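Hi there,

Here is the structure I promised to pass on to you. Have a look at it first, and then read on for what turned up around the ligand.

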Amino acid sequence: MIELKDLSYVRFGTSNLEDAESFATKCLGLQVGEQSGKALYLRSDDRAHTLCYFEGDPAEQTVGFEVEDEGKLNTAAATLDQLGHPVHAGTPSECALRKVKAFIGFKDPTGNHVELVVRPERSGRRYFASRDAGITGFSHVGLFTTDPMRDERFWTQVCNARVSDRIGDIALMRVNAIHHTIALAPGPGPGVHHVNHQVESNDDVLRSYYHLSGQRVPIVFGPGRHPTSGARFLYFRGPDGMVFEYSVGVDEIEDEETHRPRQFGFEPSSLCMWGSKRSW
Ligand SMILES: CC(C)c1ccc(C(=O)O)c(O)c1O
Ligand SMILES: [Fe+2]
């Protein structure tokens, strides 16, 4: 079983690096960690980066997860290869671009680009937000799935994810005590469904609602509260149509041994217990 330790980064191609930087700093509140000619590394916590925008096709979307060490990485590569998932071993220059010691890349059953990484760099410089969004860290991603049951099996049987709750066929899966690190959402093809950053308080969620509205950033869901994780949230659309989420107050799963996933109906009240309706 491939043991995912933590979510490490997302990498997005973008048609306009300047617009991406403006959104990431003036709207989202990330810190520019490094900017090379064609890539922008953005920070949200003590890691060297958690979001990389690079000049390229916006359809190029990759999610990186940290694994323990190179031995576990090699075992994961063999497992994936045996299961028929072609594996790419990152070259030294590709590792440098990701600020990791080593990585492998593969596609999940839907075709999502996934990377398993070893020793992602931390920074000795404190994360210093470009705007006071209250970000405390990069917390989870939503991935599209074309076959929820098949992909749940992949993430929970090949990897170590566990389902915490479901909303219809949306699976909210954890790799540690936090309610979820991966959300699987049905869709027509591969891609990142949304990118979540945790913020410090309810006030941060509502302050951002007004700040982003003033910046004419499209708000697509919320302010609201998820009955599943209990988190208060706000979703908004960034460059190339990518949806971002702030949330605060995500529950932890207290008893790993006895927890059983709850099934919520696929209806608005299962996504927001306050009455907000999704517009994406
Ligand atoms: C709308 C999506 C898939 C969703 C649903 C529930 C939660 C939660 O319980 O926190 C999310 O974070 C989501 O992104
Ligand atoms: Fe989310």
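Ser229 has a polar side-chain atom 2.7 Å from an oxygen atom of ligand 1. Please keep in mind that this is a predicted model. Tyr235 takes part too: an N or O atom in its side chain is 2.5 Å from an oxygen atom of ligand 1. For Glu245, the distance between a polar side-chain atom and an oxygen atom of the ligand is 3.3 Å. Of the 360 Å² of accessible area that ligand 1 has on its own, the protein covers 100%. As for where that places the ligand, ligand 1 sits in the largest cavity.

Which elements give two or more residues to the shell around ligand 1? They are strand S11 (170-174) and strand S13 (192-199). In total, 13 residues surround the ligand, and the closest are His180, His194, Thr228, Ser229 and Tyr235. By type, the shell around ligand 1 holds five nonpolar residues, seven polar ones and one charged one.

One more residue for you to look at is Asn176, found in the loop between S11 and strand S12 (182-186). Is Asn176 buried, partly exposed or exposed? Its relative accessible area is 24%, so Asn176 counts as partly exposed, given that buried means under 20% and exposed over 50%. Asn176 and Gly37 are 139 residues apart in sequence, and their C-alpha atoms are 36 Å apart in space.

Terms used. Residues are numbered from 1 along each chain as its sequence is written. Chains are lettered from A and ligands numbered from 1 in the order in which they are written. This is a predicted model: local features need pLDDT of at least 70, side-chain atom pairs count only at pLDDT 80 or more; totals for chains, interfaces and linings use all residues. Side-chain values use heavy atoms; hydrogens and water are left out. A residue is near a molecule or strand if one of its heavy atoms lies within 4 Å of it. A polar contact is a pair of N or O atoms within 3.5 Å; within protein, one must be able to donate a hydrogen and the other to accept it, and residues adjacent in sequence count only if both atoms are side-chain atoms. Accessible areas come from the Shrake-Rupley method with a 1.4 Å probe; for residues, only the protein chains shown count as cover. On a 1 Å grid over the protein atoms alone, a cavity is a set of points where a 1.4 Å probe fits but cannot get out, and a pocket is an open set with protein on both sides within 12 Å along at least five of seven lines; lining residues have an atom within 4 Å of a point. A molecule sits in a cavity or pocket if more than half of its atoms lie within 2 Å of its grid points. Helices (H or I, at least four residues) and strands (E, at least two) are DSSP runs, numbered from the N terminus. Ala, Val, Leu, Ile, Met, Phe, Trp, Tyr, Cys and Pro count as nonpolar, Asp, Glu, Lys and Arg as charged, and the others, Gly among them, as polar. Buried means under 20% relative accessible area, exposed over 50%, partly exposed in between (1.4 Å probe, protein chains only).
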